[in-house]
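Trainee: I have a structure to go through today, and I'd like to ask about it piece by piece. Could you take me through it slowly?

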Amino acid sequence: VQLEMCAAAIGDVTSEPSLPEPGPRLHAGMFRHRTLNEVNHNLALLRCQASSSSANSLSVTVEVLDRLSDYVVDHVVLEKTAVGKEIAKLKKHENQEIARRAEDLQNEWKRDFALRKQVTEGFMEKGGLKKREAREMEEGL
């Protein structure tokens, strides 16, 4: 019942917003905006599941963790959504599968962040760019 209330309050769990057709109206900012919306949606689902330990709640939590691994979660997404804090809490979850998946997800994000930092530093060193310009170039990739 709680899951149904949460899903009704948040929206359909399986709904996927559609993107515009490829072309000049499609740009990188739209992907960040969509990522923020999707991460916030999944974060709301996680928070809704936190107080329940039913089998259905656990399966929804696992599904949400899987979905979050599909998104490019950079420093902007982490700052605007605070999803990292919620994932850190799940690393201490009593269910070992959820704790492991949360840790794997956090490690994946750390590897991605390190790679982005390395790319930015490479742009600065080899391209002679300022840090801000290098970061903007990296974000455009």
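Trainee: Let me start with one side chain: does Lys 89 count as buried or exposed?

Mentor: Lys 89 counts as exposed, at 57% relative accessibility. Buried means a relative accessible area under 20%, exposed means over 50%, and partly exposed is what lies in between, with a 1.4 Å probe and protein chains only. Before we go on, please keep in mind that this is a predicted model, where local features need pLDDT of at least 70 and side-chain atom pairs count only at pLDDT 80 or more, while totals for chains, interfaces and linings use all residues. Residues are numbered from 1 along each chain as its sequence is written, and side-chain values use heavy atoms, with hydrogens and water left out.

Trainee: OK, and which residue does Lys 89 meet in a salt bridge?

Mentor: The partner of Lys 89 is Glu 86, at 3.8 Å from N to O. A salt bridge here is a side-chain nitrogen of Lys or Arg within 4 Å of a carboxyl oxygen of Asp or Glu. Glu 86, at 10% relative accessibility, counts as buried, whereas Lys 89 is exposed.

Trainee: Where do Glu 86 and Lys 89 lie?

Mentor: Both are in helix α5, residues 83–90, where they sit three residues apart, about one turn of the helix. Helices (H or I, at least four residues) and strands (E, at least two) are DSSP runs, numbered from the N terminus.

Trainee: How many salt bridges turn up in the whole structure?

Mentor: A search of the whole structure finds six. One of them joins Glu 63 to Arg 67, with the closest N and O atoms 2.8 Å apart. Glu 63 is partly exposed at 35%, while Arg 67, at 12%, counts as buried.

Trainee: Why are Glu 63 and Arg 67 separated by about one helical turn?

Mentor: That is because Glu 63 and Arg 67 are four residues apart in helix α3, which covers residues 55–68.

Trainee: What does Glu 97 form a salt bridge with?

Mentor: Glu 97 is bridged to Arg 101, and the closest N and O atoms there are 3.0 Å apart. These two are four residues apart in helix α6, residues 96–127, so about one helical turn separates them. Glu 97 is partly exposed at 37%, and Arg 101 is partly exposed too, at 22%. Elsewhere, salt bridges that share partners join Arg 47, Glu 86 and Lys 89 into one network.

Trainee: Changing topic, how many cavities of 30 Å³ or more are there?

Mentor: The count comes to one cavity of 30 Å³ or more. On a 1 Å grid over the protein atoms alone, a cavity is a set of points where a 1.4 Å probe fits but cannot get out, and a pocket is an open set with protein on both sides within 12 Å along at least five of seven lines; lining residues have an atom within 4 Å of a point. The largest cavity has a volume of about 50 Å³, a volume being the space filled by probe spheres set on grid points that are joined across faces, edges and corners.

Trainee: Which residues line the largest cavity?

Mentor: Among them are Leu 46, Gln 49, Ser 57, Thr 61 and His 93. The elements that give two or more residues to this lining are α2 (28–49) and α3, and α3 supplies the largest share, with three residues. By class, the lining divides into four nonpolar, five polar and no charged residues. Ala, Val, Leu, Ile, Met, Phe, Trp, Tyr, Cys and Pro count as nonpolar, Asp, Glu, Lys and Arg as charged, and the others, Gly among them, as polar.

Trainee: And what classes of residue line the second largest pocket?

Mentor: Its lining has two nonpolar, two polar and seven charged residues, including Asp 74, Phe 113, Lys 117, Met 124 and Glu 138. The space in this second largest pocket is about 200 Å³. Helices α6 and α7 (131–139) each supply at least two lining residues, and α6 gives the most, with six.

Trainee: Last one, how many helices and strands does the protein chain have?

Mentor: The protein chain has seven helices and zero strands, and 30% of its 141 residues count as buried.
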